[in-house]
Each structure stands twice: as structure tokens, then as C-alpha cells.
Amino acid sequence: QVQLVEFGGGSVQAGGSLKLSCAASGYTTSSTCMAWFRQAPGKEREGVAALSTGALRTYYADSVKGRFTISQDNAKNTVYLQMNSLKPEDTAVYYCAARAAAGDCYSWLWLRRQDYKYWGQGTQVTVSS
């Protein structure tokens, strides 16, 4: 049974940093596409960042480029999201997601929520001004 569990959410002031972790069990994080999505109250879930774990290619939403970094530790079956220079508009529940199939995320595909089979339960990130 595949499980994705997120850690590291919390409350910070604007300009601060947080690092989210997504620990996968029953799933091998190598050579696949893993991503972080977020959902703010009253808004649709949106893609934040994705990582092709085999090719080590990364993809970011324009709103977080230069501030967020997605990375992995295959030995720990864990994917991370380092978030710096946080803004109040980054406030949301952050979800880790993983595809069932191997392969690249692809720049034209990584934002498609329906392509991700596995999802974590989410972790709250709150940024105050």
C-alpha cells in the first residue's frame, strides 16, 4: 500500500522559510515524477513544483520560481520542498503527489492533477504579514 506523508508545515512570518518533507512508503521514488501542490481556502488545488526523480529535472510555478526548491533523497524515499522568502499568498495546505508510472514529469504535463495517483494528507502552511 502506497503512503505519502508530509511533514514540516507551520506558521511563519512573511520573509521566513519552511522545509516540507514527503516520506513515501510502499513506493519507490526513483525514476518517476513527484510534485507538490497547494490549495488555499476557496481556491483550486494548484501545482507548485515537480521533480523528475530519474533525470533530476525540476519544474516550478511562476509564482514560486526563485523562492522554492524541490529536491529528493532516494535513500530515504523522501522528497522535499524548501520554501524561502515566504509571502502571505503562499498560505495553503500543501500536498505531496506521485505518479504511478515511471517517467519524466514533462513541462506540459506536470500540472495535471489527474495524472497523479498517490496523494498525501496535506500539511498546513500559514504565512502572516
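**View A. The disulfides of this predicted model.** With sulfur atoms within 2.5 Å taken as bonded, the count comes to 2 disulfides in this predicted model. Numbering the bonded cysteines of the protein chain in sequence order gives the pairing 1-3, 2-4.

**View B. A close look at Cys22 and Cys96.** Here the sulfur atoms of Cys22 and Cys96 sit 2.0 Å apart in a disulfide. Because the torsion about their S-S bond is about -75°, this disulfide is left-handed. Cys22 belongs to strand 3 and Cys96 to strand 9 (residues 92–102), so the pair ties together parts that are 74 residues apart in sequence. Both Cys22 and Cys96 are buried.

**View C. A close look at Cys33 and Cys105.** Cys33 and Cys105 are joined by a disulfide, with 2.1 Å from S to S. Their S-S torsion is about 105°, so this disulfide is right-handed. The pair links distant parts of the chain, 72 residues apart: Cys33 is in strand 4 (residues 32–39), and Cys105 is in the loop between strand 9 and strand 10 (118–119). Cys33 has a relative accessible area of 0%, and Cys105 likewise has 0%; with the cut-off for buried at under 20%, Cys33 is therefore buried, and so is Cys105.

**View D. Strand 1 beside strand 3.** Strand 1 (residues 3–7) pairs with strand 3 (residues 18–25) in the antiparallel sense over 5 bridges. Leu4 and Glu6 make up the covered face of strand 1, while Gln3, Val5 and Phe7 form the uncovered one.

Key: Residues are numbered from 1 along each chain as its sequence is written. This is a predicted model: local features need pLDDT of at least 70, side-chain atom pairs count only at pLDDT 80 or more; totals for chains, interfaces and linings use all residues. Side-chain values use heavy atoms; hydrogens and water are left out. Buried means under 20% relative accessible area, exposed over 50%, partly exposed in between (1.4 Å probe, protein chains only). Helices (H or I, at least four residues) and strands (E, at least two) are DSSP runs, numbered from the N terminus. Two strands pair if DSSP finds at least two bridges between them.
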